Amino acid sequence: MFTVSKKNTSLSFDIIDRLAAHDDVGKKDVELLLSLSKKDEIDYLFAAARRARTAYFGNTVFIYGFLYFSTHCRNDCHFCQYRRTNTEIRRYRKTMEEILTAADEMKQSGVHLIDLTMGEDPWMFARGSSRLSRFSEIAEQVKKRTELPVMLSPGVMELNQLTELARMGMEWFACYQETYNRVLFKELRPGQDFEKRMLAKNVAREHGMLVEEGILLGAGSSPSDIIDSLYAMKREGFDQVRAMRFVESKGVTLPAADNSPANQEFLTIALMRLLMPEVLIPASLDVDGLKGLSVRLAAGANVVTSVVPPDRGLAGVANASLDIEESRRSIEQILPILKEAGLEMASHEEYQTWVDSRRRSSGAKSASENRRCA
Ligand code: SF4
């Protein structure tokens with residue numbers, strides 16, 4: 001196990017203080033924080049991350065509903081149970097009626113946003129009964145019915161479909177690289193193009209959408225890769241950034257064994273908060289369920305994902321079923337944990353205000369970047 005001497009302890013405290021003060025800190029120093037294992041050092045890091053969260057968000061937290069409506073996918077990502085060649089899972093494609101019923105339930109439960117997620121399903125990208133694709137029809141209907149902000153997580157899609165969805169008023173586009181190490185990217189996402197994924201995010205932003213980026217831990221990323229990815233996300237200026245640990249599931253084996261420490265995800269969340277204090281950072285229920293929520297909030301997360309209604313046969317991403325049918329992915333179960341952490345659920349107005357103001361500032365930023373480039 002990694003242990004640090006007293007001298008190293010004061011070094012890590014010093015690095016944390018400098019990060020919190022937005023001083024210039026070298027990547028190697030930040031990387032050192034990813035190997036913290038002593039309680040007092042981790043507590044110190046997490047406390048700094050929570051102070052950074054409070055400075056931008058007070059004690060409020062946002063909560064997202066998650067609607068995985070098609071588990072069909074044309075891709076074959078090694079880390080994902082929904083990959084094309086996995087024959088060990090039963091797949092589904094929900095009907096419009098089933099999707100709207102689940103969306104209604106999420107709205108009634110009080111979530112701030114509905115995350116519409118699917119594998120890269122060509123059937124969904126094809127034209128439906130109108131001039132729109134089936135995917136666009138679903139997004140349009142869910143938005144109209146719930147009047148909630150919507151996040152689209154469909155993987156890489158045709159750019160004209162994406163811009164059409166932006167014009168329809170969809171607020172968010174989520175598309176994860178999972179790593180900025182291009183060699184590892186190729187291993188994890190065989191046959192996919194790193195730049196094409198980045199381009200989709202940039203096009204979404206140019207058309208006024210907010211963008212979520214994400215990285216996967218425990219699937220081959222070294223500490224140095226993780227820090228490189230964090231700096232890349234900071235440089236790109238994404239609006240929401242997530243780190244999630246790889247979870248073993250049916251039919252999923254990774255090419256290489258990975259010995260990352262169990263607490264790496266929490267340390268990464270804290271570093272994200274210190275490096276990007278003003279953005280949204282999820283605490284996902286998808287990895288460890290409800291029992292893993294407190295530690296992610298303690299590390300500086302400020303969005304709880306993913307609330308999933310029971311009895312609808314809906315899956316999660318990393319864990320297909322954890323806590324779902326037991327109704328533990330619900331706001332009633334989340335609220336006491338927030339309270340214990342001294343946090344509370346934001347109002348819908350507060351969430352909308354954050355989204356509107358972030359979109360205005362992102363728009364202003366890309367307009368000035370365009371002027372500089374012209
Ligand atoms: S991660 Fe997404 S694109 Fe890759 S196989 Fe899974 S659902 Fe498909």
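User: Is serine 306 buried or exposed in this predicted model?
Analyst: Serine 306 is part of strand E8, which covers residues 303-307. Leaving aside neighbours within four places in sequence, its contacts are Tyr64, Phe66, Ser284, Leu285 and Arg329. Buried means under 20% relative accessible area. At 7% relative accessibility, serine 306 therefore counts as buried.

User: Which residues of helix H7 are buried?
Analyst: Helix H7 spans residues 159-167. Its buried residues are covered by elements that include helices H5, H6 and H9 and strands E3 and E4. Those buried residues are Gln161, Leu162, Thr163, Glu164, Leu165 and Ala166.

User: Which residue just after H7 takes a positive phi?
Analyst: The phi angle in question is about 95°. The residue that takes it, just after H7, is glycine 169.

User: How do the residues of the shell around the ligand divide into nonpolar, polar and charged, and which residues are they?
Analyst: The ligand sits in the largest cavity. The shell around the ligand divides into five nonpolar, two polar and two charged residues. By name, the residues around the ligand are Tyr68, Cys73, Asn75, Cys77, Phe79, Cys80, Arg83, Gly119 and Arg189.

User: Which parts does the salt bridge between arginine 145 and aspartate 104 tie together?
Analyst: In this pair the closest N and O atoms are 2.8 Å apart. Arginine 145 counts as partly exposed at 45% relative accessibility, and aspartate 104 is partly exposed at 24%.

User: How many residues apart in sequence are the parts tied together by arginine 358 and aspartate 239?
Analyst: Arginine 358 forms a salt bridge with aspartate 239, and the closest N and O atoms are 2.6 Å apart. Arginine 358 lies in helix H15 and aspartate 239 in the loop between helix H10 and strand E6, so the pair joins parts separated in sequence by 119 residues.

User: Which residues are linked in a network of salt bridges with Arg296 and Asp288?
Analyst: Arginine 296 and aspartate 288 form a salt bridge, with the closest N and O atoms 2.8 Å apart. Both arginine 296 and aspartate 288 are buried. The network that links them also holds Arg245 and Glu265.

Methods:
Residues are numbered from 1 along each chain as its sequence is written. This is a predicted model: local features need pLDDT of at least 70, side-chain atom pairs count only at pLDDT 80 or more; totals for chains, interfaces and linings use all residues. Side-chain values use heavy atoms; hydrogens and water are left out. A residue is near a molecule or strand if one of its heavy atoms lies within 4 Å of it. On a 1 Å grid over the protein atoms alone, a cavity is a set of points where a 1.4 Å probe fits but cannot get out, and a pocket is an open set with protein on both sides within 12 Å along at least five of seven lines; lining residues have an atom within 4 Å of a point. A molecule sits in a cavity or pocket if more than half of its atoms lie within 2 Å of its grid points. Ala, Val, Leu, Ile, Met, Phe, Trp, Tyr, Cys and Pro count as nonpolar, Asp, Glu, Lys and Arg as charged, and the others, Gly among them, as polar. Buried means under 20% relative accessible area, exposed over 50%, partly exposed in between (1.4 Å probe, protein chains only). Helices (H or I, at least four residues) and strands (E, at least two) are DSSP runs, numbered from the N terminus. Contact means heavy atoms within 4.5 Å. A salt bridge is a side-chain nitrogen of Lys or Arg within 4 Å of a carboxyl oxygen of Asp or Glu.
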